[in-house]
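Please find below my note on the model you sent.

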Amino acid sequence: MNNNNPYGRPTVQPHIEDLPSDCGLQWLGYSLCRSWIRCATAGKYLTTLTLFVFFQTASQRYFFSTLQSKNYNIPTDTSNWLWLLSGFVHLTFSTFIGYRGGKRNKSSWIAFFGIIQGILAVLLAIINASDHYSFQKPSALVLATSETPLCDSIHGAHLQESYVPFHLVKTTVLFLLQVSMSLGSTALLALGLGLLDESVVPTKVPACIGVVIGSSLLGLQTGLMVGKFAFNVNVGSNFTGDIVWLVIGLILIVVSFIVALFPNRLVTSQVSTLIRNSPIYRNNRYDFRSTLGRIFSNKLILSNIAAIAFVYTVLINMLYEEPNYMESVFFVPKHTTDATDQNTIIIDFLRYPLAAVCVFLSGVLICIAQPRATLIAAWNIGIICVVTILVFTSMFLRCSKLRVHNQIMSKTELNEVCNKDCNCPENLPFEPVCSSNSHIVYYSPCHAGCRTQDLYSRQEYVGCACVPTDSASKRACYDHNCHQMNVGYQSISVLIFSLLGTCIVGTIILLLRSVEPDDRSTALGFAVTFICLVGHVPGKIVYIFIGHFTCILFDHNDQCRLNGAVTFSTYLNLFNICILMSAAALYSCVCLMSRPMQPYGTMDSAKKFIVSSVSSPLSPLTPPGFEERPPTPTRRPPKRRPSDLTFSESSTNIDFTRHTDDYSPRSPGTTLREGGVLTTLL
């Protein structure tokens, strides 16, 4: 087209390929998976990514169970440092992984961290198995087994110590495994969801995100159940736990290898390929500094990420502190395998599955209803307000009529006159017993002065010197409305998790549509960086401080063994309420700033956005969803005259050019210029 023509429109010539040319697995310039490329569709990639997410999150939840299990004898300080380490790892690498991985093959980056995680899991299993049968070192905590230590002033309390090794090599492997899990989560969210967003029609992206996130929650449920079976059924033995780590590691390696077979561009429709091949998705002029500059100058995405970080801080730290909370407030022991009426069956079996269903249904409903961005943000505000009310209600659900015996005398020791000659183990875990007509909770049968266990019930003890009735039982601790309070708290916890699950898909959609397409992977990586940094470092420190401030019993290592029920529940829930209200305020800002956003732009609008961005290369690019409708021209431009057209010098050459005309009601077609004759194929 003649450049002197004032009405000439620039043209776009996308290079459309039927199949992608790259591949995740390449060695010495040779592609190892050319035959797999034809199967690299969005549906197959979604299925493979869902399986990968399932096993990865299962391993993460099982890792959390490993840290809490006394079979592995991991000190509390080590667990806390590993928790803080995750935040610093995200701070250092997550944003760069999102940026660099977005420029390269996304599938290979995801597979790389998955394979590293699998290798470390297998290595941890081998080290644990070898140490278990090679070394004999005393455990830091006596496990509560079926032979509970009782009072014996002559021979000492009958206890069965568990000998579990722990040394520097295992700590190093745990350290590296935590790092690989953190980086793997970043690659999965930033690169996996980014590739799905590029390859799927915008109206179907919410459903795909719901499937991936729902699978991750089901993986958490599986890891929780496997952890309870491996560490509670086989108390004192690491064999089952080691087998689980070995199986998880091998599965992760196999699934990661399948993920690596996928290319960087999936086989999609021609319309999706046209968008992905546009200069917007392949613009090399966006370096790391300019990309971060655009993200930091975007108030919408910063407010959204900060709101997510506050909600994540409450969720992840409450999950971590929940065993201590249940033990201190509802007297549910952490390290016992006895089946009592007081348990955590509701949150163990219902929380993650119901949240997964809510996440999936929210993704489907967003695809069907296609709500505005302001409505999505308003929904998040409403849900957080409801959750805040539920948290405030749960603050008053506790066994208020019961108090630990050492707390009544404001003492930090468990030894009294009645049990001073019982020789109770110093680090005996919490296994409460109570009298049927008393409101006092004794730390263990040994500290209650009980010398004999009932022959017909493992939960009844007689000959208790500290109990007025001379008998105590575990069931008696749950007769003073404590069981009802526990059931109410667990129900509220499940409801909170499910309600917050309905906000996940919409929040990710707002993140993806708040930035330019070329910056989405980096934006997701930065989101993971900030969210995990806030939740794992300053948030974790505050929760640790609350735990130490409300502690009523410390061990010889200055670690808290038991918290005060009233003070612990009050301060912890008040802090959660403050954080949640801050998140609601930030979502209010997101609601105001997201008015011009259109999260479900059609393919026609995406095409127009690409054409307009190419026609004005010096103007700043507008993220898709924020583009405004072009103004209607006040006058119709004059028709082009034949003299305005420029023909090829050789009449035999055929020039394929795609012309676009925003003033024409017809869709752009392909013009064939042959022998001075123009023919347009629509």
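1. Basis. This is a predicted model, in which local features need pLDDT of at least 70 and side-chain atom pairs count only at pLDDT 80 or more, while totals for chains, interfaces and linings use all residues. Residues are numbered from 1 along each chain as its sequence is written, and side-chain values use heavy atoms, with hydrogens and water left out.

2. Cavities. A cavity here is a set of points, on a 1 Å grid over the protein atoms alone, where a 1.4 Å probe fits but cannot get out. Grid points are joined across faces, edges and corners, and a volume is the space filled by probe spheres set on the points. The count is 4 cavities of 30 Å³ or more. The largest cavity has a volume of about 1500 Å³.

3. Lining of the largest cavity. Lining residues have an atom within 4 Å of a point. There are 50 of them in the largest cavity, and Gln60, Leu189, Leu220, Tyr312 and Ile316 lie nearest its centre. By class, 35 are nonpolar, 13 polar and 2 charged; Ala, Val, Leu, Ile, Met, Phe, Trp, Tyr, Cys and Pro count as nonpolar, Asp, Glu, Lys and Arg as charged, and the others, Gly among them, as polar.

4. Origin of the lining. Helix H1 (residues 42-68) gives the largest share of that lining, 8 residues. Helices (H or I, at least four residues) and strands (E, at least two) are DSSP runs, numbered from the N terminus. At least three lining residues come from each of domain 1 (24-133 + 167-266) and domain 2 (303-334 + 343-399 + 482-596), with bounds from an automatic or database domain assignment.

5. Gln178. This residue is in helix H4 (residues 168-199). Gln178 counts as buried because its relative accessibility is 11%; buried means under 20% relative accessible area, exposed over 50%, partly exposed in between (1.4 Å probe, protein chains only). Apart from neighbours within four places in sequence, Gln178 is in contact (heavy atoms within 4.5 Å) with Phe63, Leu82, Leu85 and Ser86.

6. Cys399 and Cys482. The structure holds 5 disulfides, a disulfide being a pair of cysteine sulfur atoms within 2.5 Å. In one of them, the sulfur atoms of Cys399 and Cys482 are 1.6 Å apart. The link is right-handed, with 65 degrees about the S-S bond.

7. Cys418 and Cys466. The S to S distance of this disulfide is 1.8 Å, and the link is right-handed at 100 degrees about the S-S bond. Cys418 is partly exposed at 28% relative accessibility, whereas Cys466 is buried at 11%.

8. Cys424 and Cys446. These form a disulfide with sulfur atoms 2.0 Å apart; the link is left-handed, at -100 degrees about the S-S bond. Cys424 is in the loop between H12 and E4 and Cys446 in the loop between strand E5 (440-442) and strand E6 (452-453), 22 residues apart. Cys424 is buried with a relative accessible area of 18%, and Cys446 is buried with 0%.

Notes. On a 1 Å grid over the protein atoms alone, a cavity is a set of points where a 1.4 Å probe fits but cannot get out, and a pocket is an open set with protein on both sides within 12 Å along at least five of seven lines; lining residues have an atom within 4 Å of a point.
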